[in-house]
Amino acid sequence: MKIHEYQARELLASYGVPVPPGKVARSAEEAARIAKEIGLPVVIKAQVLVGGRGKAGGVKLVHSLEEAREAADRILKLTIKDIPVEALLVAKAIDIRKEYYLGVTVDRSNKKAVCIVSASGGVDIEELAVKEPEKILKCYIDPLQGPDEKALRKTLSAAFPEALLDQAVEALLNLYRLLVEKDCSLVEINPYAQIDESTLIAADAKINFDDNGLHKHAEVEALRTAEEYSREEIEAKEAGLSFVSLEGDIGCIVNGAGLAMATMDLIKLFGGQPANFLDVGGSSSPQKVLTALKILTRNKNLKAILINIFGGITRCDDIAKGILIARDQIDLPVPLVIRLIGTNEKEGRALLEQAGLEAASEMTEAVKKVLQQAKAGV
Amino acid sequence: MGILIDESTKVLVQGITGRDGSFHAASMLEYGTKVVGGVTPGKGGQEVHGLPVFDSVAEGVKETGADCSLIFVPARFATAALREAADGGIGLVVCITEGIPVLEMLGNYHYVREIGARLIGPNCPGLINPGKSKVGIMPGNIHKPGDIGVISRSGTLTYEVVYNLTLKGFGQSTCIGIGGDPVIGSGYIDLLEMFEKDPETGGVVIIGEIGGEDEEQAAEYIKSSINKPVVAFISGRTAPPGKRMGHAGAIISGGKGTAEAKVKAFEQAGVPVADRPDQIPELMKEKLGS
């Protein structure tokens with residue numbers, strides 16, 4: 001789960017990392033009022049969960065209240081990468097002398113938290129890692145031992161001058177504490193700005209959370225914004241389905257994430273385009289199949305649907321029941337191709353046959369068939 | 001032979017009194033697995049399918065001599081359960097549970113290793129040595145004894161591949177679902193090393209997916225240290241970047257973890273990559289013949 005910059009800033013501040021004064025605004029008037037309250041000049045920044053807002057005109061430095069009102073009004077009318085801007089951060093403008101980068105995340109390969117440090121902040125860190133990897137410093141934290149302050153200080157001393165070192169060490173320790181205590185997947189300050197001889201401040205903040213940890217942190221769950229997921233994705237999640245919408249026209253309902261991806265890949269391999277990823281999960285009830293079909297058939301581009309089931313925990317007869325219920329309750333606007341194999345396959349096939357439906361047993365055969373039917377329907 | 005489990009492996013089921021634990025304990029008994037008991041704190045003394053239930057793993061190990069445990073407990077109790085298994089003297093801990101936070105898994109990974117136990121999973125279907133023992137939730141009947149080792153990050157996709165192998169006459173020595181999470185107890189390299197040493201394994205199938213760099217590292221390892229034929233399949237070629245595809249670990253982020261990079265790494269290591277699951281047996285046949 002992602003959160004907005006204004007939310008990330010507040011969380012960082014609560015962990016003792018200094019941030020410039022600022023507040024969130026949802027109207028031009030509110031933005032001007034906050035600008036007056038914290039003092040000009042201020043920066044007005046669009047709050048959207050996608051990158052590239054600066055290039056899209058979503059960030060503006062202003063020196064008067066009139067300018068603030070105008071900029072806020074303009075930015076609130078923007079749509080950045082299909083996302084309408086609904087909130088703004090109004091923050092005190094700071095005079096930046098030098099930009100650093102400070103981040104903590106999980107290293108999948110080393111099975112440790114990794115601190116990432118650079119004296120070349122303010123740029124895309126992933127791009128920097130590719131182009132100038134020598135400018136990025138790393139330090140690992142053993143999850144059982146916790147941070148080794150001496151080792152962290154040594155890594156940081158290669159990027160920060162002596163006068164800033166204590167602050168950087170303290171900030172990094174706080175980032176790690178935040179990562180662990182709130183089950184984050186990423187805590188990042190970029191740029192981490194030097195504003196005078198001896199002061200560092202977080203000029204921007206990004207925090208992502210591990211979805212698997214959210215059940216432990218109701219206060220984090222409360223920060224969720226609707227923007228990250230489509231209406232269909234949220235509805236699917238509530239029904240226990242894993243769903244991602246894609247650009248194509250062949251709907252897929254599959255059990256298991258790996259098989260669902262492989263099904264999409266096979267559709268593409270044979271010249272089609274998948275409309276979605278959908279994993280009905282294990283022990284699928286008929287109800288889940290019904291919900292899945294309801295979500296899929298809302299897609300106006302849809303030309304055909306493929307149901308691909310390899311029963312393990314999932315039982316083929318449950319899936320067949322779901323298909324039959326769905327056929328009674330909703331008008332399927334496109335052809336449906338079914339592949340059933342595995343646990344209770346015989347029972348599932350019998351149910352379908354009674355209703356005049358047939359099911360393939362091979363995946364490749366089923367994918368070819370759904371593509372033919374999609375083509376025939378045009 | 002095969003690896004990790006065989007007919008003598010004694011299994012405790014943690015969470016045996018729950019819906020999934022009970023169902024799969026029965027299914028494993030039916031398959032012939034030596035399930036010797038279960039563990040549910042507070043329910044010691046009860047019986048499930050005629051098996052004794054213990055309050056703790058340590059007690060279960062003491063009473064039954066179990067050397068393997070299979071975990072079905074809900075995610076919020078899973079860290080405690082798998083550490084308890086390692087503490088209790090279990091050598092092979094298999095965790096089916098989905099949804100354990102990554103930061104908990106970082107600690108669990110090192111904790112279990114320091115004790116000297118092996119962890120398979122979490123978020124996995126378990127493992128099977130066909131005809132000898134099944135420690136997991138896979139349908140037993142699609143497997144057949146033979147000499148192909150299977151290592152996979154997926155569940156149902158593994159069934160798909162195993163089904164195709166069996167159909168084309170390739171039995172399996174051991175099939176292991178290593179799990180779809182970003183941080184898992186045992187990876188490709190750990191298991192490739194074991195398969196390389198197993199006299200009954202003639203070739204290995206790797207089923208990978210987008211996310212992370214485990215496949216790339218496995219390819220490097222195969223190039224330097226594995227002499228047996230290896231064939232691979234990668235799912236997620238059509239997955240968009242930045243979106244989690246069901247599995248917590250299946251996400252392309254920061255340009256890393258793409259299917260293209262993994263396919264390329266395997267091909268450079270001399271490992272053919274199938275475009276479709278049903279091509280795997282044919283590729284394996286070619287590899288074994290060469």
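Reader: Which strands of chain B does helix α1 lie across?

Author: Start with the terms. Helices (H or I, at least four residues) and strands (E, at least two) are DSSP runs, numbered from the N terminus. Helix α1 of chain B, residues 19-31, lies across β1 (10-14), β2 (34-39), β3 and β4 of chain B. The helix runs at about 165° to β2(B). Such angles run from 0 to 180 degrees between N-to-C directions, and axes are lines fitted to C-alpha atoms, for helices over the stretch in contact. This is a predicted model: local features need pLDDT of at least 70, side-chain atom pairs count only at pLDDT 80 or more, and totals for chains, interfaces and linings use all residues. Residues are numbered from 1 along each chain as its sequence is written, while chains are lettered from A and ligands numbered from 1 in the order in which they are written.

Reader: What is the strand order of the open sheet of seven strands in chain B?

Author: Pairing comes first: two strands pair if DSSP finds at least two bridges between them. The order is β3-β4-β2-β1-β5-β6-β7 of chain B, with mixed pairing. At the edges stand β3 (47-48) and β7 of chain B, each pairing on one side only. β3(B) is joined to β4(B), residues 51-54, by two bridges, and these strands run antiparallel. There, B:V48 stands opposite B:L51.

Reader: Which residue takes a positive phi in the hairpin of β8(B) and β9(B)?

Author: B:G131 does, with a phi near 80°. Three residues lie between the strands of this hairpin. Four bridges join β8(B), residues 126-129, to β9(B), residues 133-136, and the two run antiparallel. B:N129 has B:S133 in β9(B) as its bridge partner.

Reader: How many residues does each chain bring to the contact of chains A and B?

Author: Chain B brings 48 residues and chain A brings 43 residues. On the side of chain B, α3 (75-87), α4 (102-115) and α5 (156-167) each supply at least two residues. The largest share, seven residues, comes from α4(B). By class, the chain B side has 22 nonpolar, 16 polar and 10 charged residues.

Reader: Now chain A. Why is α10(A) largely enclosed?

Author: A residue is buried if 20 or more other C-beta atoms lie within 10 Å of its own, exposed if 12 or fewer, and partly exposed in between, with C-beta atoms placed from the backbone. Eight of the 11 residues of α10(A), residues 286-296, are buried, so the rest of the structure largely encloses this helix. Among them are A:L290, A:L293 and A:I295. The buried residues of α10(A) pack against several elements of chain A, including α8 (231-238), β16 (304-311) and α11 (316-329).

Notes
Contact = placed C-beta atoms within 7 Å. Nonpolar A, V, L, I, M, F, W, Y, C, P; charged D, E, K, R; others polar.
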